[in-house]
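Please provide a briefing on this structure for a reader who is meeting it for the first time.

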Amino acid sequence: MTATPRCPALLIAAPASGQGKTTVTAALARLHTRQGRRVRVFKCGPDFLDPHWHQLASGAPVHQLDGWMTGPADMAARLHAAAQESDLILIEGVMGLFDGTPSAADLAARLGVPVLAVVDAAAMAGTFGALVYGLVHYQPGLRWAGVLANRVASQHHADLLRAGLREPALWQGALARVEQGPDKSLLPERHLGLVAAHELHDALERLDAAADALAATALGQRSWADWQDWAVEFPAPGPDIAADEPPGPWLQGRTVAVARDAAFSFIYPANLDCLEAMGARLAFFSPLAGDALPVCDAVWLPGGYPELHAPALRANQTLQDGLRAHIAAGLPVWAECGGMVALCEGITDRDGQFQPLWGLLPGRATLQPRLAGLGMQQLATDQGLLRGHTFHYSRLDSAMPELARSSRPGQPAQADKGEALYRHASVQASYFHAWFASHPRAVAALLGAFA
């Protein structure tokens with residue numbers, strides 16, 4: 001019998017969003033990678049942006065973990081595989097430790113992974129101890145690695161924070177605010193979250209600055225022998241865990257063209273793996289670089305930031321002509337969120353300026369100051385239920401017919417709720433982001449496998 005793989009692991013959590021989870025996770029990954037260790041990072045919940053930083057820090061693909069979207073069997077399989085080839089596994093939580101159902105705390109309890117709480121202590125002193133006490137004792141049964149105080153002003157400030165802890169052994173140190181780059185922001189943000197690492201020429205320097213700062217803390221100076229106290233066993237998924245339908249050879253012999261660049265970067269590596277597991281040959285192309293559409297049987301236009309690159313996208317006439325011919329030939333296109341917007345007539349930005357786009361779908365998008373869609377979603381298809389999520393600031397005004405509507409997990413679809421699945425000629429498009437492995441057959445159908 002093969003031994004169950006075992007390695008140190010941490011779930012990096014916080015009381016709320018914006019406390020510094022991503023920075024600390026990426027800094028830990030970078031610090032240990034620089035020391036020659038094989039690090040794998042995972043991200044709780046749906047997120048396209050934080051994983052870019054974690055992949056740069058660790059040099060390895062970053063996958064999602066979620067009790068509903070990816071499912072228990074998928075989580076167990078990915079962690080089992082990672083533990084077989086890694087020295088350290090890091091999992092970044094989502095929102096606050098106890099937010100959501102299931103929460104990051106539920107995941108930590110299920111896996112037996114120790115929790116490290118990152119707390120923004122910039123505007124507190126003794127209350128830090130009360131907050132940590134509440135986090136540690138709110139949900140019994142969690143393994144605790146400790147707490148790291150973030151954005152600490154001075155050594156005196158750190159001493160005040162540490163003195164407030166009821167359980168001094170939890171202290172993993174204090175991290176000062178790290179400023180890097182002309183914007184003085186270590187990991188800069190925009191309307192959908194962090195700026196992706198590949199968009200910044202000094203991204204690795206920023207991670208090194210964060211790793212250097214972390215190296216001065218108790219956590220950063222912890223010996224590798226002491227890290228073994230946080231070791232976790234990661235068994236393969238057992239027969240008691242229901243698994244999704246495995247991919248079949250439904251895309252064998254087919255080429256799927258995938259847009260991939262700064263305008264179309266919302267791609268889960270697991271989705272690409274799923275396409276390849278179904279036999280697809282992937283042909284990547286960059287609309288921003290002026291690429292033409294590759295010879296292909298189907299096109300996937302992922303989400304991203306077409307609104308930031310509208311002039312460059314519009315200037316790629318060769319690609320527009322290729323897409324128009326592809327659609328006229330009745331060949332399938334699956335367009336998600338930003339990919340759908342790029343196909344439309346254009347988008348009105350926050351300054352009220354209309355930016356023309358490809359004009360291959362009837363409809364115009366408008367960028368709003370408030371979120372127009374957020375949260376887990378499911379989409380009923382003829383093949384079965386696709387799980388995924390939605391996250392966007394734009395709204396689309398279009399006369400395209402709706403094939404279906406997504407809905408919240410376990411809820412029936414409603415005409416005025418969720419995200420529309422549009423159909424125009426051979427294009428199917430939606431703000432809905434699909435987790436392909438939740439129903440590979442449904443994804444194969446979107447890409448024309450059963451036409």
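**Briefing: helix packing, strands and backbone**

Helix H1 (residues 21–34) packs against helix H7 (residues 203–215) with the axes 8 Å apart and at an angle of about 85 degrees. H1 is therefore roughly perpendicular to H7, a term that covers angles of 65 to 115 degrees. This is a predicted model, in which local features need pLDDT of at least 70 and side-chain atom pairs count only at pLDDT 80 or more, while totals for chains, interfaces and linings use all residues. Residues are numbered from 1 along each chain as its sequence is written, and side-chain values use heavy atoms, with hydrogens and water left out.

**Terms for helices and strands**

- Helices (H or I, at least four residues) and strands (E, at least two) are DSSP runs, numbered from the N terminus.
- Axes are lines fitted to C-alpha atoms, for helices over the stretch in contact, and angles run from 0 to 180 degrees between N-to-C directions.

**The contact of H1 with H7**

- Residues of H1, including Thr23, Val24, Leu28 and Arg34, meet residues of H7, among them Leu204, Asp208, Ala211 and Ala215; contact means heavy atoms within 4.5 Å.
- By class, this contact of H1 with H7 holds eleven nonpolar, one polar and four charged residues.
- Ala, Val, Leu, Ile, Met, Phe, Trp, Tyr, Cys and Pro count as nonpolar, Asp, Glu, Lys and Arg as charged, and the others, Gly among them, as polar.

**Strand pairing**

- Strand S11 (residues 255–259) pairs with strand S12 (residues 281–285) in the parallel sense over five bridges; two strands pair if DSSP finds at least two bridges between them.
- Within this pair, Ala259 stands opposite Phe285 in S12.
- Three strands form an open sheet in the order S18-S19-S24, with antiparallel pairing.
- Strand S18 (373–380) and strand S24 (433–434) are at the edges with a single partner strand each, so one side of each has no neighbour in the sheet.
- Strand S19 (residues 385–392) pairs with S24 in the antiparallel sense over two bridges, and Gly388 stands opposite Ala434 in S24.

**Backbone features**

- Most residues other than glycine have a negative phi, and most peptide bonds are trans.
- Thr101 and Pro102 are joined by a cis peptide bond, with omega about 0 degrees; Pro102 lies in the loop between strand S4 (88–92) and helix H4 (104–111).
- Cys337 has a positive phi, near 50 degrees, and is found in the loop between strand S14 (333–336) and helix H12 (338–343).
- Cys337 is buried, with a relative accessible area of 8%; buried means under 20% relative accessible area, exposed over 50%, and partly exposed in between (1.4 Å probe, protein chains only).
- Ala425 has a positive phi of about 55 degrees and belongs to the loop between strand S22 (420–424) and strand S23 (427–430).

Conventions. Angles under 35 degrees count as roughly parallel, over 145 as roughly antiparallel, 65 to 115 as roughly perpendicular and the rest as oblique.
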